[in-house]
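My notes follow in the order I made them.

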Amino acid sequence: MGSPEILIVTILFYAVLGIFILGIVVFIRQYHKRKTAYLDSIERLDEEHKKELLETQIEIQSQTMKHIGREIHDNVGQKLTLAGLYAQQLLLERRVPEAIKEVNDIGEIINESLSDLRQLSRSLTNDTLESNSLFELIKKECESINQLKECKVNFKDTSELKVYSYQIKSILFRVTQEFLQNSIKHSNCKNIWIRLSVDGNFLSLSLNDDGKGFDIKKIENKGIGVKNMEKRTQMLGGEFVLVSQPNKGTSLIVKIPLQ
């Protein structure tokens, strides 16, 4: 075989080799693209599944609370009512004159317990979250805290946004309640600031107090309430940032993506 033939064979060999290598590179790239698309699909399905679980969990929780409320009203409430009437009857008929004061005290305790149970029953069975806007829910909660006169709660809503999602309203309202309760019980704060706003593509809830704060690093486990709120926020694709330092107060920012 002469030099020209060898040259042609060599060129063909390297051309075929180049095409082969190029084919491998293209195959690997396509493989990675398909793998990435597959993983993204799995992640999206996982997120959708988590959201469905959250919706189901909230719905079950709501129905369970309503069921408990009805049971309190229909069962326990009726029994306490009968017990109260029986105590009143004993007083009227003076069957036990030597224990009139004790029977009267028992009747008062029953009536107080019945009043508390009725209030609890109403709070469990009403549709406050569904019938009120997020602004109204938080405003009413702030007004209730301000009536205690233990600290001043300042609430501002600059979002100008109507939130229709039950899940979002539930999470942000429960976060607000949890923060207010913790601040009042543990921080010895004088002021609490709450702000609703739109931050880019997120609905942002900002909560701050001027209490004694705490060292987050020294707290191994967060409270159950805080953990639940953080988990629910993350399941909706949101952000949950809790910051606190000794003598510098505590702040919490929760961001939920606008859909």
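These entries go from the overall fold down to single residues.

**Entry 1: the fold**

I noted at the start that this is a predicted model. I then went through the secondary structure. The protein chain has 6 helices and 5 strands. Along the sequence I read the pattern α-α-α-α-β-α-β-β-α-β-β.

I looked up burial next. The protein chain has 259 residues, and 29% of them count as buried. Its accessible surface is about 17800 Å². Carbon and sulfur atoms hold 56% of that surface.

I also checked how far along the sequence the contacts reach. I took the contacts in the protein chain with a separation of 6 or more, and 68% of them join residues 24 or more positions apart.

**Entry 2: the core**

Which residues have the most contacts inside the largest nonpolar core? I found V175, I194 and L205. The core itself has 30 residues. I listed the elements that each supply at least two of its residues: α4 (134–148), α5, β2, β3 (202–209), α6 (224–235) and β5. Helix α5 gives the largest share, 7 residues. As a general note, nonpolar side chains in soluble globular proteins tend to be buried together.

Leaving out residues up to four places away in sequence, I listed what L205 touches. The list includes V175 and I194, two of the residues with the most contacts inside the core. L205 also touches I138, L172, T176, R195, L196, L252, I253 and V254.

**Entry 3: S170**

I went to S170, which sits in helix α5 (residues 166–187). Is S170 buried or exposed? I put S170 down as buried, because its relative accessible area is 4%, under the 20% limit.

I checked its neighbours too. Leaving out residues up to four places away in sequence, S170 touches L129 and R232. I also took the distance from S170 to L137, which is 33 residues away along the chain. Their C-alpha atoms are 9.8 Å apart.

**Entry 4: the salt bridge**

How many salt bridges does a search of the whole structure find? I got 1. The side chains that meet are those of K255 and D199, at 2.6 Å from N to O.

I compared the cover on the two partners. K255 is buried, with a relative accessible area of 19%. D199 is partly exposed at 36%. In general, side chains of opposite charge can pair when their charged atoms come close.

**Entry 5: cysteines**

I searched for disulfides and the count came to 0. Why do C142 and C189 form none? I checked the sulfur distances. For C142, the closest cysteine sulfur is in C151, 9.6 Å away, so it is too far for a bond. For C189, the closest cysteine sulfur is also in C151. That gap is 4.3 Å, so it too is too far for a bond. The cut-off I needed here is 2.5 Å between sulfur atoms.

I looked at burial for both. C142 is buried at 3% relative accessibility. C189 is buried at 6%.

**Entry 6: a nonpolar surface patch**

I then looked for nonpolar side chains on the surface. I found a patch made of F13, Y14, L17, F20, I21, I24, V25, F27, I28 and Y31. Together these residues have about 1000 Å² of accessible area. I checked L17 as one of its members. L17 is in helix α1 (residues 3–93). L17 counts as partly exposed, because its relative accessibility is 34%.

**Entry 7: positive phi**

Last, I looked up backbone angles. Most residues other than glycine have a negative phi. I noted K149, where phi is positive, near 60 degrees. K149 lies in the loop between α4 and β1 (152–157). K149 is exposed, at 74% relative accessibility.

I noted N247 as well, with a positive phi near 65 degrees. N247 lies in the loop between β4 (239–244) and β5. N247 is exposed, with a relative accessible area of 71%.

Technical notes
Residues numbered from 1 in each chain as written. Predicted model: local features only at pLDDT ≥ 70, side-chain atom pairs only at ≥ 80, totals over all residues. Heavy atoms only, no water. Helix = DSSP H or I, 4+ residues; strand = E, 2+ residues; numbered from the N terminus. Buried < 20%, exposed > 50% of the residue type's maximum accessible area, 1.4 Å probe, protein only. Contact = heavy atoms within 4.5 Å. Patch = residues over 30% accessible without salt bridge, like charges linked within 9 Å, V, L, I, M, F, W, Y side chains within 5 Å. Areas by Shrake-Rupley, 256 points an atom, 1.4 Å probe, with all protein chains shown as cover. Salt bridge = Lys/Arg side-chain N within 4 Å of Asp/Glu carboxyl O. Core = buried A, V, L, I, M, F, W, Y, C linked by side-chain atoms within 4.5 Å.
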